[in-house]
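Dear colleague,

I am passing on a structure to you, together with some notes on what was found in it. Please have a look at it first and then read on.

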Amino acid sequence: MTMTVTESIITIAAVVLATMLTRFLPFILFPAGSRIPSVVRYLGQVLPFAVIGLLVVYCLKDAVFTELHALPDVISIAFIVLLHRLFHSMMLSVIGGTVCFMLLTQFVF
Amino acid sequence: MRSFCSPRFKKAFAAAFTCSLPICAAFCSIGFSYGFLMHSLGFSWIYPAAMSFLIYAGSMEFVTINLLLAPFSPLHAFLLGLMVNARHLFYGISMLERYGSCGWKKYYLIFGMCDETFSINSGVKLPEDIDRPLFMTLVTALNHCYWVSGAVAGALLGAVINFKAEGIEFMMTALFTSILLMQWDSTKEHRPAILGLGLSFICLLLFGPENFVLPAMGAVLGTMLLLQSKLDPVKQAQRAAVQTANAHPQPAPVLKEGR
């Protein structure tokens, strides 16, 4: 850990505030019976898909610039895609992918 | 105390507990891994306990671990939180009436509206004799309980379980990758996912790992707004209707746009 306790409390508080804002805002902005603008409804449909893409890239952000250029990550992601195609189980994909990565970093690279 | 033993409460609790069982399995195990991950990165169990209780949004809690390990930047944390959790806005919109009519319970219901709780409370069909606000509150509270207990158990047992955890941080990547794959299968419209991946990756190369998140969020949001007429199914349907209405009388327009 690089932060002081106060800094980490502030960071967590910022995340809590943002999360609560996303949950409470609709109830504040649109009291029962009001019309919802079409752009809001549209963003609600497309953003979840785009944001997950951003999060995957966010996870790889440091690995891309290392000597291996995220090779273990890419192999493990390919393994997750394979597991997903075969079993369609999120739990299995997450565990399998993580174990694959751990084996690669501990024994191969 | 009497209200906890009333038949009305027992009935709602039985229904809520049954509905929440699949979530119990998922939340206990993902929560456990989350607590374990935080322990292996050197955090006290207080951190996963407080974060799982207060943030109570799975993916954002994993992202917050990274934020806590990065240089201090609360604004960045706040904006990332908004973006990652933006989907809640739309859960809220669809629950306006259902939660809005629950009196004092609505504050807790809105606070605890994570993906899984939303999916139960918005989708379930209840018999007439079950108190719906009470049922929804109990589902929210049970799921909240599963998640926090999982995280605390993971953090505490992390100290006891002894194995080489190097590489376990990949769990976050694995989680998001499999959510992406699940979402991919759920729709035929893959452009938002591809744009999210592509634009973020371009921004990562342009701005580097420390500074790419804000430009990436801006690029994703901006592109989505620009492409609304192409990506919005409602607008597409409207356009198709206009096109078929115009199709018959006019000859095809000749394109003259210079060059």
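The bounds of the domains used below come from an automatic or database domain assignment. This is a predicted model, in which local features need pLDDT of at least 70 and side-chain atom pairs count only at pLDDT 80 or more, whereas totals for chains, interfaces and linings use all residues. Residues are numbered from 1 along each chain as its sequence is written, chains are lettered from A and ligands numbered from 1 in the order in which they are written, and side-chain values use heavy atoms, with hydrogens and water left out.

Let me begin with chain B, which is assigned domain 1 (2-168) and domain 2 (187-246). The centres of these two domains of chain B, taken over C-alpha atoms, lie 29 Å apart. Where they meet, 5 residues of domain 1 are in contact with 5 residues of domain 2, contact meaning heavy atoms within 4.5 Å. The area buried between the two domains, that is, the accessible area (1.4 Å probe) that two parts lose on being put together, summed over both, is about 450 Å², and carbon and sulfur atoms give 88% of it. Of the area that domain 1 buries against domain 2, 77% is supplied by B:His76, B:Leu79 and B:Met83, more than by any other three residues.

Between these domains there are 0 salt bridges, a salt bridge being a side-chain nitrogen of Lys or Arg within 4 Å of a carboxyl oxygen of Asp or Glu.

The other interface to look at is the one between the chains, where 71 residues of chain A are in contact with 95 residues of chain B. Chain A and chain B bury about 7,500 Å² between them, with 78% of this on carbon and sulfur atoms. The rule finds 1 salt bridge across this interface, and A:Arg85 forms a salt bridge with B:Asp185, in which the closest N and O atoms are 3.7 Å apart.

On the side of chain A that touches chain B, the elements that give two or more residues are helix 1 (5-29), helix 2 (38-60), helix 3 (71-87) and helix 4 (90-108) of chain A, where helices are DSSP runs (H or I, at least four residues) numbered from the N terminus. Helix 2 of chain A gives the most to this side, with 23 residues.

With best wishes
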